[in-house]
Amino acid sequence: MTRIESGRDLIRAEAIHVALPDRGRRRLFGRTPQVDILRGVDFRIGRGETVGIVGESGSGKTTLGRVLLRLLQPSAGRLYFDGQEITAADQETLRPLRPRMQMIFQNPLSSLNPRHTIGEIVGAPIRAATARAALRDRVATALRRAELGPAYAGRYPHQLSGGERQRVGIARAIVGEPSFILADEIVSGLDVSTQAQILTLLRSLQRDMGLALALIAHDLSVVRVLCDRVVVLWQGRIVEQGTCAQVFAAPRHAYTRRLIAAIPLPEIDDGWFDRPEIDADIDAEA
Amino acid sequence: MVESPGATPRRAALLLRRCVGNYRILGGGSVLLLLVLVALFARQIAPQDPLDQDLIAQLQPPTLAAEGDTAHYLGADSLGRDVLSRLIFGTRVALVVAVIAGPLTALVGTGLGLAAGYLGGWVDVVISRAVDIWSSFPPILLSIMLVALLGTGLTSVLIAIVVIDWTRFCRVVRAEALKQRHMDYVDAALVSGLRPRTILAREILPNILPLCIVLLTMEMGIAIVIEAILSFVGLSISTDMPTWGSMIAEGRQVIYQAPWIMTSALAALLVSILALNMLGDGLKAEFDPVLR
Amino acid sequence: MSERILAIDGLCAALSPRGRSADGAALLRAVSLAVAVGEVHGLVGMSGAGKSLITKAILGILPAGIELTGGSIRFAGNELIGCPEARYRQLLGREIALIPQDPLTALNPSRRIEAQMTDVMRLHLSLTRRAARARALALLRDVRIREPEAVLRRYPHELSGGMRQRVLIAIGFACEPRLIIADEPTTSLDVTVQKEILRLIRDLQRRQNTTLLFVTHDLGVVAKICQRVSVLHAGMILEHGATADIMAAPRHPFTRALFAATPRYDAPAEALAPVPAAVLSEIAGAAQRFDAARRG
């Protein structure tokens with residue numbers, strides 16, 4: 001992994017628009033009505049940068065993540081990876097780029113194939129391009145970096161705890177020494193102590209390997225631990241972005257203010273329920 | 001550093017050891033093995049030639065019944081042929097059909113099901129509509145029509161079975177493939193840069209395999225039944241080679257005088273199908289690591 | 001001192017003899033908990049600590065392989081352990097209610113909301129269908145649902161997560177029970193929705209002076225809604241007291257570690273620390289000593 005051309009963004013997304021068929025209103029004849037998931041989203045991340053993508057359900061954050069990795073093709077807009085446009089590229093063109101853009105998934109159970117051993121899972125991204133002996137070593141190195149002993153390579157996912165499985169997900173993402181990692185709600189299902197372990201591990205890996213990291217989360221506090229910048233999504237649009245320090249200390253958009261005001265910090269705050277929140281143009285359905 | 005306690009021995013060896021310990025596999029498997037041996041060594045085992053007619057011994061009851069003797073352990077049919085020998089030789093037809101038609105149906109059905117479930121789009125639409133239309137035909141009627149068209153004989157029977165029953169596999173495999181396609185580990189494989197056919201083979205297929213194995217054993221049982229039905233109506237293989245179905249047909253006509261003919265053939269059918277189902281059940285339990 | 005409506009004393013639970021592990025590990029180890037009338041009491045702990053076991057023990061719905069091996073649960077002075085089933089059926093819903101965690105599985109997907117709400121009211125309050133329906137509408141308004149008639153006609157999957165949770169809260173408060181057990185009611189909700197729901201629960205609780213046992217893993221939620229809190233790990237209550245005291249100065253190393261492991265958006269990233277292995281092994285040691293003492 002080389003660090004050159006620091007002036008160019010690693011990933012740049014311009015005016016990304018994603019509309020998907022509305023499954024609830026599927027029709028037998030004619031086109032199914034589409035529902036807009038992302039409306040005109042601009043996003044950029046440079047080498048070694050850490051950005052949090054924050055939003056609640058329905059904000060489009062998961063979809064944005066999948067667009068960034070080109071698992072999904074946007075309906076409109078442009079997407080660039082390291083200067084190369086990949087908006088409409090087919091999977092064959094994308095294949096050589098794949099080792100450089102990796103993902104860690106939310107659900108550690110469904111992101112690990114139950115029939116493969118941990119070794120096979122972690123080795124999958126580099127299997128095609130690596131000789132067998134070297135493969136074992138690289139898998140062992142990746143496991144070690146994720147703080148799992150080499151003996152884990154022979155076990156199966158169902159034999160591991162949630163935290164261990166998530167570490168396997170991390171090992172798989174770093175085994176090919178990528179430039180960019182998308183972490184999609186990676187600590188949502190974990191208890192607070194395991195969450196802290198995974199977050200600290202990922203932070204030190206990101207620093208050591210100079211990874212660009214985009215973290216999708218619904219929890220602002222988690223974003224604070226890993227990211228320098230944050231982007232707030234609401235109903236398919238970016239309503240606010242900036243450094244974490246800026247956004248958390250002085251949020252500008254009403255939705256960001258509402259989001260921050262809704263976070264229960266572990267301290268006594270008698271006025272927490274009565275603090276006025278601006279509900280004007282944000283009408284949540286709940 | 002988290003250390004994993006103890007290593008895992010070779011997967012294949014472990015699987016084999018466990019298979020032998022599972023009573024379903026053991027039970028079903030041994031009965032099937034027995035049937036295979038009977039079929040292979042029919043000529044040696046059968047006390048008499050199945051085609052040998054002995055008009056003196058017409059409808060002679062089995063040895064253990066009142067008027068039986070040791071010449072015919074399970075009695076004789078209306079042409080004096082030894083029931084036991086016919087039963088033994090009937091195993092051949094049943095097993096040939098099971099072993100050829102079963103996997104063939106599985107192949108066709110699984111292939112189409114995987115294509116429909118994984119590729120989606122118009123492929124899925126075409127295959128799904130085909131399945132729907134096909135399965136709305138009454139299967140027995142369809143099989144009779146087919147054999148009438150193709151003429152009698154083993155090949156026709158095999159084709160008929162595949163043509164009728166592939167939808168069973170297709171439906172189930174398609175549903176499972178659809179479910180698998182949406183799993184995160186398929187996305188993970190995409191992100192890892194694997195090709196679609198690699199993803200299909202490495203990620204999806206292994207998860208579908210246990211299902212296919214159970215269905216296969218069930219399919220083999222169904223193949224035996226379909227063949228029995230076809231030979232019951234006289235549309236199966238045209239030689240004099242005895243089949244359980246034709247024995248049932250013959251036995252039906254003399255059911256009051258000689259119930260043992262039909263009963264023994266039915267019993268043979270039942271035992272084979274039960275054994276196959278048990279085996280399939282046991283295999284499914286063993287192949288599914290999550291279930292353990 | 002206010003009257004204690006719920007008093008758990010030395011409650012112990014373990015796997016039933018058939019499934020018991022060789023070392024006789026217990027699931028609950030002398031859990032003691034006291035909740036006064038009208039109090040909101042937080043039960044906080046990580047997953048697997050035993051929180052849902054305690055709620056199930058109170059409600060008399062322990063799963064098949066688990067049994068209570070000691071202690072008592074007194075509700076308004078009456079002992080619940082060993083209580084005949086008929087008596088339990090009288091209590092549940094009417095005097096003790098549950099607000100469950102997962103709105104998706106807690107509501108029957110094949111029945112409309114109206115049916116599910118009126119069921120419990122007609123059973124315990126002997127209301128006619130019309131009266132129950134009127135009461136259901138009133139309850140839905142109480143939980144701030146804007147179009148109650150429309151919601152009554154819907155099926156659970158047609159409502160959002162927040163709406164379903166409101167329905168569950170309405171069902172919980174329906175018969176004006178004396179004690180409500182809220183089992184992680186906001187865990188699956190967006191944070192803005194969570195605040196609304198917490199506010200709602202607090203308001204309803206104050207209005208009816210219901211006692212609330214609030215189970216959660218989130219220290220922040222405890223700080224905002226609970227007056228007292230008990231900290232649970234490995235089936236043992238490690239610390240308990242007034243929320244204000246515990247927030248200001250937690251005494252047990254595990255409680256302190258829990259705070260340190262909770263990320264805060266207003267704290268530097270480096271402040272985050274997982275629960276130290278030393279703390280966990282100390283607790284594990286105490287647990288083993290407890291198990292050994294019980295055996296010997």
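In the predicted model, helix α2 (residues 23-40) of chain B and helix α4 (residues 83-119) of chain B have axes that come within 8 Å and cross at roughly 110°. Because angles of 65 to 115 degrees count as roughly perpendicular, α2(B) is roughly perpendicular to α4(B). The crossing of α2(B) and α4(B) is left-handed, and the contact is made by B:Leu35, B:Val36, B:Val38 and B:Ala39 on the side of α2(B), together with B:Ile88, B:Thr91, B:Arg92 and B:Leu95 on the side of α4(B). By class, the residues of this contact between α2(B) and α4(B) comprise six nonpolar, one polar and one charged.

The mean pLDDT of chain B is 83, with 89% of its residues reaching 70 or more. Over residues 1-9 of chain B, however, pLDDT stays under 50, and for this stretch the model has 17 contacts beyond four places in sequence. Where pLDDT is low, predicted coordinates should not be read in detail.

Chain A contains an open sheet of four strands, arranged in the order β2-β1-β4-β5 with antiparallel pairing. Its edge strands are β2 (34-45) and β5 (84-85) of chain A, each of which pairs on one side only. Strand β1 (residues 11-21) of chain A pairs with β2(A) in the antiparallel sense over eight bridges, and A:Leu20 has A:Val35 in β2(A) as its bridge partner. Helix α1 (residues 61-68) of chain A lies across β1, β2 and β4 (76-81) of chain A, and runs at about 120° to β1(A).

An open sheet of six strands is also formed in chain A, in the order β6-β7-β8-β3-β9-β10, and here the pairing is mixed. The edge strands of this sheet are β6 (101-104) and β10 (237-243) of chain A, each pairing on one side only, while the twist averages 15° from one strand to the next. Strand β7 (residues 180-184) of chain A and β6(A) pair in the parallel sense over four bridges, with A:Met101 standing opposite A:Phe180 in β7(A). The helix α1(A) lies across β3 (50-54), β7, β8 (212-217) and β9 (229-234) of chain A, running at about 155° to β8(A).

The contact between them takes 36 residues from chain C and 32 residues from chain A. On the side of chain C that touches chain A, the elements giving two or more residues are α7 (161-173), α8 (191-208), α9 (219-225), α10 (243-248) and α11 (253-261) of chain C. Among these elements, α8(C) gives the most, with eight residues. By class, the side of chain C that touches chain A has 19 nonpolar, nine polar and eight charged residues.

Chain A also meets chain B, with 27 residues of chain A in contact with 22 residues of chain B. The side of chain A that touches chain B is made up, by class, of 13 nonpolar, eight polar and six charged residues. No contact joins chain B and chain C, and the closest C-alpha atoms of these two chains lie 12 Å apart.

Conventions. Residues are numbered from 1 along each chain as its sequence is written. Chains are lettered from A and ligands numbered from 1 in the order in which they are written. This is a predicted model: local features need pLDDT of at least 70, side-chain atom pairs count only at pLDDT 80 or more; totals for chains, interfaces and linings use all residues. Two residues are in contact if their C-beta atoms, placed from the backbone, lie within 7 Å. Ala, Val, Leu, Ile, Met, Phe, Trp, Tyr, Cys and Pro count as nonpolar, Asp, Glu, Lys and Arg as charged, and the others, Gly among them, as polar. Two strands pair if DSSP finds at least two bridges between them. Axes are lines fitted to C-alpha atoms, for helices over the stretch in contact, and angles run from 0 to 180 degrees between N-to-C directions. Angles under 35 degrees count as roughly parallel, over 145 as roughly antiparallel, 65 to 115 as roughly perpendicular and the rest as oblique. A crossing is left-handed if the near helix is turned anticlockwise from the far one by less than a right angle, and right-handed if clockwise. pLDDT is the predictor's confidence in each residue, from 0 to 100.
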